[in-house]
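Hello,

Here is the structure for your files. My notes on its charged side chains follow below.

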Amino acid sequence: MRETSSRLYLLITVGVVYIKSKECSRKDILQDLVEMCRGVQHPLRGLFLRNFLLTSTRDVLPDVDDTSEDTGTVDDSIDFILLNFSEMNKLWVRMQHQGHSRDRTKREQERLELKILVGTNLERLSRLEGVTVSKYQNHVLPAVLKQLINCKDSIAQEYLMDCIIQVFPDEFHLKT
């Protein structure tokens with residue numbers, strides 16, 4: 001299992017270098033990388049792997065709309081981050097069900113300490129220059145709220161609502 005995780009970290013690093021070489025479609029590589037991370041089902045390992053993916057791809061995500069097919073668009077970046085966010089949130093919520101019931105408070109404390117990893121996705125979304133009020137209203141907010149409602153976890157719902165309020169500009173909230 002650890003061997004697989006190590007290889008996935010290496011593949012992410014290679015994928016980012018490959019994107020920078022511009023030999024293949026950025027959108028396809030990003031999609032492959034985010035899908036590849038589904039191979040790690042252990043919640044804690046999966047969270048850190050997906051966080052590594054998000055931080056590694058920070059400089060290669062399309063930030064403004066470009067007409068070139070290979071470079072991708074802001075919508076591709078939004079989709080990539082939202083998919084990563086959704087998978088990270090599922091892993092984070094799943095942490096509550098691991099181990100003995102007597103360790104529940106310890107697990108909740110661990111989850112509270114790891115919440116920043118999930119929130120980083122929303123913070124990254126808010127920093128994309130191409131995310132306009134319209135894209136936020138029609139694409140980002142509905143997807144995030146759907147994930148928030150579907151997780152049915154009070155810790156996650158409280159934290160993610162707080163994240164949404166803090167990371168996106170007030171103008172976005174006033175328009176929605």
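Lysine 135 is buried, at 16% relative accessible area (buried is under 20%, exposed over 50%, partly exposed in between, with a 1.4 Å probe and protein chains only). Lysine 135 forms a salt bridge with aspartate 75, with 3.6 Å between the closest N and O atoms; the term means a side-chain nitrogen of Lys or Arg within 4 Å of a carboxyl oxygen of Asp or Glu. This pair links distant parts of the chain, since lysine 135 is in helix 6 (residues 133-151) and aspartate 75 is in helix 4, 60 residues apart. Helices here are DSSP runs of H or I, at least four residues, numbered from the N terminus. Aspartate 75 is partly exposed, at 31%.

This is a predicted model: local features need pLDDT of at least 70, side-chain atom pairs count only at pLDDT 80 or more, and totals for chains, interfaces and linings use all residues. Residues are numbered from 1 along each chain as its sequence is written, and side-chain values use heavy atoms, leaving out hydrogens and water.

The whole structure has seven salt bridges. In one of them, aspartate 76 meets lysine 27 at 3.8 Å, N to O. Aspartate 76 is in helix 4 (residues 74-94) and lysine 27 in helix 2 (residues 26-36), so the pair ties together parts 49 residues apart in sequence. Aspartate 76 is buried at 17%, whereas lysine 27 is partly exposed at 44%.

Arginine 38 and glutamate 35 also pair, at 3.2 Å, N to O. Arginine 38 is partly exposed at 36%, and glutamate 35 is partly exposed at 32%.

Regards

Notes. Helix = DSSP H or I, 4+ residues; strand = E, 2+ residues; numbered from the N terminus.
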